[in-house]
Amino acid sequence: MKPFLKKSIITLLASTCLFTAWLIPSIAVPTASAAPDTSVLNKQSFSTDVIYQIVTDRFADGDPSNNPSGAAYSPGCTNLKLYCGGDWRGIINKINEGYFAGMGVSALWISQPVENIYSVIDYSGVNSTSYHGYWARDFKRTNPAFGSMSDFQELINTAHANNIKIIIDFAPNHTSPASETQPSFAENGRLYDNGNLIAGYTGDTNGIFHHNQGTNFSSLEDGIYRNLYDLADINHHNNVTDTYFKDAIKLWLDMGIDGIRVDAVKHMPEGWQKNWVASIAGYQPVFTFGEWFLGVGENDPNNIRFANESGMSLLDFQFGQKVRQVFRDNTDTMYGLNNMLTTTAANYKHIHDQVTFIDNHDMDRFKLGNNDRRLEQALTFTLTSRGVPAIYYGTEQYMTGNGDPANRGYMSGFSTSTTAYQVIGKLAPLRKSNPALAYGSTQERWINHDVFIYERKFGNSVALVAINRNTTTAASITGLQTSLPAGTYTDELNGLLDGGSITVSSTGSVPAFNLPAGAVAVWQFAASESAPIIGNIGTDMGKAGTTLTIDGRGFGNTKGTVFFGTTAVTGNQIVQWEDSQIQVKVPAITPGQYDIKVRNASSVDSNSYSSFNLLTGDQVSVRFVINNANTTLGENVYLTGNIAELGNWDPDKAIGPFFNQIIRTYPTWYFDVSVPAGTTLEFKFIKKNGTSVTWEGGSNHSFTTPTNGVGTVEVDWQP
């Protein structure tokens, strides 16, 4: 993972019916579509969308006047370490030309928009610049190579007028490359607040940065509290930085962004991030997802915990790496693909919010030699699977490139006739028109090493997808069963990938047929629902009074009841009630995890959707420190207490395991925790070794949290 080189962008695909005005440049306020859950106004759930990731500098140069001068700029983009000229004006032009509409794209994930350093850095004789957007200097100003604040506002307005959402990359983990011993090195990590210097890396008397050598990635703790490579690592346990990053993201929220991709979440304190996301949820909730890199075959319980408890979704690296193994590298089979779907569905509470992909700016591009059909198959699988699909810019043009910076080449062209472009254009709209693709469960229907036929089902809506990755041998499909109603179904790709029609009997059986070599087919049936069924909720975390958005089908157009556990919410607490979306104020009930259920006006109940995390109140980050906590081999220290954020005295929900190597060392342990502001807590520490739990003795510890900023509480272990 190389956050300092990153530029992530995601683009969400929408139905063509949402793009009737794409030829008319406009900055009008967007209006809701017929189905509110699919609307550009839905900032909480992106399940019906497809994301298109753009490295802004590498996409389109719409305004040559803002290109950097001198050694920082590469005319013709012959040097991929330098700026190449792409900007927001170029993206605006492509919106107005209908390039994204042709793919059904309904959201763009652009590079971090903030001001970056202007220095050209010589790394072992190779000049490098901040074209990627990850060498920030001021999070409250724009990168002038991308455009001005007014340009950014125009990008937002133009996108919204064309029913496209905008996601920004945001990297609060670090600023720019820095040196402890060379104060004149580049800009030496300096951080500014709208032009006013906060601190530089050298002489950092106020503790704005961590001053530890680069991480060796040996542990989660090492990756959080040491510098990532040579980047000036932000110390989030600091009142100045805590306030700064809360204020900075509000600036971009106020401009109308629809989502945030958070860089390097694995390398920041989980407690601080939860407190930061809670501040967003309390201010203007938008879809927020983080980057927690996982290698091939890597399963990290911390990754799962973060996705389930932080309030953020994640880029789904388990999904992406497995798709690459199966379709690109031939190191696994369709059985492995199916197992990944089953495992992740069980692990993640909010599986429909995890962002899926086949390549990005930190990986070799998927295109490898003559593997066009495999790329098209991988795209089909991603676009018809659970989660929020993300397409890396240029994939539709079969761009190649292994390693950094070759995987971030300048956009090779904007052809709308490539097969990949057309595959995206045919499948993306289905996520809006058929809720089985946006919200459905997944079931394997037929499988061998090379063939995977799977079904997505939501209520009475069904999609059936067949992929034969063997590009030389057809597969004989016998005994196929499906939930599709009786009838004949044509391939939604219209034979683009050699798929054909099928006929389904009244019992759901499909007569034997041949699936040609390399073929892909998608068959689907979209139904209206008479009974309520929840597909997704957002935000996943908030306090009483937060507006929760519930998306699905069959709610009806007359207000009914929303249940938080057994607590019924009716009347004026329900802000909006439409057939595909409900917005409801979270009730003032006991904080904790709640399953959500809907009862329509005819007293018919929906499924129970798990789960919403009701916070005690506004959050702050507090560092809990425990001294003299000696442990035996296999034991770790955890924290529990009298509030939901501390597990309500339940050892299985305790916070930890605590760290003991960098900020404080054994037998002292520490952890940064998100807790309610201005609240008196009672807490204890415990030692856990598997199922064995040892409680601290004595009376409960007590601490009153700060009303804002960050805090620290330090106590001794009580025998």
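Which residues of α6 are buried? The legends below take up this question along with other close-up views.

The model is predicted, so local features are described at pLDDT of at least 70 and side-chain atom pairs at pLDDT 80 or more, while totals for chains, interfaces and linings use all residues. Residues are numbered from 1 along each chain as its sequence is written, and side-chain values use heavy atoms, with hydrogens and water left out.

View 1. The buried residues of α6 are Asn302, Asn303, Ile304, Arg305, Phe306, Ala307 and Asn308, where buried means under 20% relative accessible area with a 1.4 Å probe and protein chains only; helices are DSSP runs of H or I with at least four residues, strands are runs of E with at least two, and both are numbered from the N terminus. Because seven of its nine residues are buried, α6 is largely enclosed by the rest of the structure. These buried residues pack against α3 (220-225), α5, β15 (313-314), α7 (317-329), α8 (334-347) and β39, a contact being heavy atoms within 4.5 Å. At the N-terminal end, Asp300 caps α6 with a side-chain oxygen that lies 2.9 Å from the backbone nitrogen of Asn302, and just after α6, Gly311 takes a positive phi of about 90 degrees.

**View 2. The largest pocket.** About 660 Å³ of space lies in this pocket, which is found on a 1 Å grid over the protein atoms alone as an open set of points with protein on both sides within 12 Å along at least five of seven lines, whereas a cavity is a set where a 1.4 Å probe fits but cannot get out; lining residues have an atom within 4 Å of a point. Among the 28 lining residues, Glu309, Ala644, Glu645, Lys653 and Ile655 are the closest to the centre of the pocket. The strand β39 gives the most to the lining, with four residues.

**View 3. The largest cavity.** About 130 Å³ of space lies in the largest cavity, and of the 15 residues that line it, Val286, Phe287, Thr288, Gly311 and Thr539 are the closest to its centre. The largest share of this lining, three residues, comes from α5.

**View 4. The disulfide.** The structure holds one disulfide, defined as a pair of cysteine sulfur atoms within 2.5 Å, and it joins Cys77 to Cys84 with an S to S distance of 2.0 Å. The torsion about the S-S bond of Cys77 and Cys84 is about 70 degrees, so the disulfide is right-handed. Cys77 and Cys84 are both buried.

Terms used:
Points joined across faces, edges and corners; volume = space filled by probe spheres on them. Buried < 20%, exposed > 50% of the residue type's maximum accessible area, 1.4 Å probe, protein only. Polar contact = N/O pair within 3.5 Å; in protein donor to acceptor, adjacent residues only side chain to side chain.
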